[in-house]
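Here are my notes for you, written as numbered points. Keep the model open beside you and look up each place as we come to it.

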Amino acid sequence: MISFSRIPHYIKKTWEYGPLKTVGIVRQRVSTSWYQRKIRKQAVDGTAHYIWEQIASRHNLGLFEHEWKRISTLSLPYLDALYDRPAGLIEQADAYVNKTFDLLGSGPLTFDRIPWHDDFRLQNQSPGSDVTFDSSVFYRDIIITSGTTETLCKDIKIPWELSRLQHLLVLGLAYRETGEQRYVDAFQEHASDWIERNPYLLGPNWICPMDVGIRAYNMIVGVHFFKDVTSIPGSFWQTLVESLYNHMLYLEHNWEVYDGRTSNHYLSDLVGYLSLCWFFNLWPGVDQKLSWVTKEIETEFEKQVFDEGADYEGSTAYHGLVTELFYHAGLLLQESSIQLSLSFEKKLRRMFDFMVWCPASLIQIGDDDSGKLLHYGITDKILQAMQSNEKKYGTKLYRQFGVSVIKTEHLHVSLRHHAYQSQQPSGHFHNDMGSITLAVDDEPFIVDPGSYLYTPSGIWRNRFRSVTVHNTFWKTGEEPVPFDERLFALTLPERTVGVTDVLQTSWMSGSRRATRTLVCDGQSLNIVDQWTGDDAVDTTWNFIIGPSVMASRDGNLIILQSNISGAKVALHVEGDTEIVDAWYAQKYGSKMRCAAICGRSVCQTLLFRFLWM
C-alpha cells in the first residue's frame, strides 16, 4: 500500500528518471511482488519439488534427465588456462576436504558439518553469542539488523560468503592435478549438503541476489571439473541441475535495481544469470534470455565504468571485483559465440591499468569487503595479460574516479580528490577528501585504514568511514559529510571544486574551501594544506602508519622505519605532533593495531615534509 506522504518522493524520482526508466522500475517491482506472493506458501510449506513440478507442467518429464546427461559436453576451457596450479593448491584443497574454512577474518576453523547459516567468526571470537540465522524462514521475511554498539552482533556476510561455494574451484583444480577421489567426494558432499539444507527461498542464503548469482557461477565451475567423473551418480547431477534452475528463476524475479543507481550487486546478478543462460543454452527460450542479459551487461559496462577505466562506486577494492565480473562476462560471451566490440576490450584493459596504478594493496579508497567472483580473484597472470602497453611510471590522473598517482621505480604516492555526481551510488564512499597514501618499494608507509566491518557494528562501520582515520586535514570536531542511520549511503555534495590538478585537490568543508598541494622530488614529498578566508581555522590532521612500520621521535622529526626492509622515511611538521594507537583493516572482518601521527593547530596553512633517508 502506498503511503500518501511518499507521493512527493515518487514524483521527484519520476522526474529524475524519466518515463521509460520509471516504467521499467515499476514493472520490475510489480513482477517481483507477484512472484513472491505466488510462491510464498509453497516455500514456507517446504514443498521442495515446487520448481520441478512447475517445469514438468511446461516441458516433458525427461528434460532434466536430458540436461544432466548432456553436461559432459559442456566446457569452460578458459578456466584451465587461467589457473595453472596456483600456489598452495593441494594444501588448500585438503583443508576444504576436511571442512576447514578461513573466511573474512575468522581464522582457520574445522567443522564436523559445514555451518551454512552461522557467523562462525563471531562464534570463535565470542563463544555463546547468537550466531545462527534461521534457515526455515521465507527469505523476504528475514530482517538483517545492524549492531548499535562496539560489541559485534552476528554478520550475515559470513554465511553468504561461505555459500558462494567458491571453494569448488579449488577442489576441481586439485582433482585435475591429482585425480584423487577425495576431491570428488568433497565436491559431491558439499554441493549436496548445501542444496539439502538451503531449500529454495528459505533461509539467509536466498536473501541477496548478488550471492545467488555468484554461487550459480561457482556451481557451474564445479560441473566443469567433475562432469566426467563416472562415480558420481545421475541423481546427483539432476539435483544440482534443479538447483541451478532454481537460481535462474530466482534471479529473474529479484534483480537488484532500486533507484536506478545500479552497482556491483546488479552486475553480479547479471553475470551469474549469464552463466546460467550459457549452461541452459539448449532450453526453449534461453536464446532470448541470453540476448537480453548480454545487452544489460553492455549497458552496465557503459554506466558503471568511466571512460578512463575506473569503477564509479568510489572504491579501489570494488573496482577489482567489478573488473573481474566484466572480465568473466567477456569470457562467457565468447563461449556463447557472441563477438565483443573493440571498445569493450579497450575499456576493459583500462580497468586493468587502473589496478596497476591503484593496487588495492596500497590504496584502499572507499569500502573493501574482500569480495571476488571466483576463489582466486584477479591473479597476477590475468593482470599481466590484460594490461595495455602504456607506461607504468610517472603521474596519472583519474579525474572521474577522483585519485591521482605518482609512481617512480621506488615510490608510490596517491592523492584523493573529491569527485562525485548524483548518478553514482554513494554507499561505498568514505570521508576521505584530500587523503594520501605513501609506499616505498611497494611497502605501505602511509595507509588508508580500510573498512573492517559493515552491519555487525554501526559504530565501527562509521569509525572506519570517518575523516578522523584518513590521511588528510579537517575542521576539528566536524565530519565533512555527517553520518546518519544509513550504513550504506553518504549524502555527498556534487563536485563543486573537485579535481584541479594531478598534484592538487580542493573541496568544500562547510563554508570554507580546503586545498592540498603535493610537491614531489627525488628526495622528499612536500604537502601544503591551506584554508581559504582571512581567519585561521581550528585544524586537525592525521596520518595512519602501515602495520609493518615503526614510528619514533628524533627531535623535530618523526622517523618511520620498516620492520621488513629497514627503509626509513622522516616526517617534519611545524607545531605539536603526537604518535598514537590506531586501527588498520587490511581485509574485511579483521583489524590490527598500528600507529598514527596526528596533530592540531589553529592555522590557515600547514606544511608537511616526508624525507627519504
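1. Start with helix H15 (residues 316-335) and helix H16 (residues 342-357), whose axes come within 10 Å and cross at roughly 150°. Axes here are lines fitted to C-alpha atoms, for helices over the stretch in contact, and angles run from 0 to 180 degrees between N-to-C directions. Helices (H or I, at least four residues) and strands (E, at least two) are DSSP runs, numbered from the N terminus. The crossing of H15 with H16 is left-handed, meaning that the near helix is turned anticlockwise from the far one by less than a right angle.

2. Before going on, please note that this is a predicted model: local features need pLDDT of at least 70, side-chain atom pairs count only at pLDDT 80 or more, and totals for chains, interfaces and linings use all residues. Residues are numbered from 1 along each chain as its sequence is written, and side-chain values use heavy atoms, with hydrogens and water left out.

3. Which residues meet where H15 and H16 touch? From H15 they include Val-322, Phe-326 and Tyr-327, and from H16 they include Leu-348, Met-351 and Phe-352; contact means heavy atoms within 4.5 Å. The residues of this contact divide into 9 nonpolar, 5 polar and no charged. Ala, Val, Leu, Ile, Met, Phe, Trp, Tyr, Cys and Pro count as nonpolar, Asp, Glu, Lys and Arg as charged, and the others, Gly among them, as polar.

4. Ser-337 lies in the loop between H15 and H16. Its phi is near 60°, a positive value in a residue other than glycine. Is Ser-337 buried or exposed? Ser-337 is exposed, with a relative accessible area of 69%; exposed means over 50%, buried under 20%, and partly exposed in between (1.4 Å probe, protein chains only).

5. Lys-99 also has phi near 60°, a positive value in a residue other than glycine. Look for Lys-99 in the loop between helix H6 (89-97) and strand E1 (100-101). Lys-99 counts as buried, because its relative accessibility is 13%.

6. Now find the open sheet of 4 strands, in the order E8-E13-E18-E17, with antiparallel pairing. Two strands pair if DSSP finds at least two bridges between them. At the edges are strand E8 (473-475) and strand E17 (578-587), each pairing on one side only. The twist averages 35° from one strand to the next.

7. E8 is joined to strand E13 (residues 537-544) by 3 bridges, and the two run antiparallel. Trp-474 has Thr-540 in E13 as its bridge partner.
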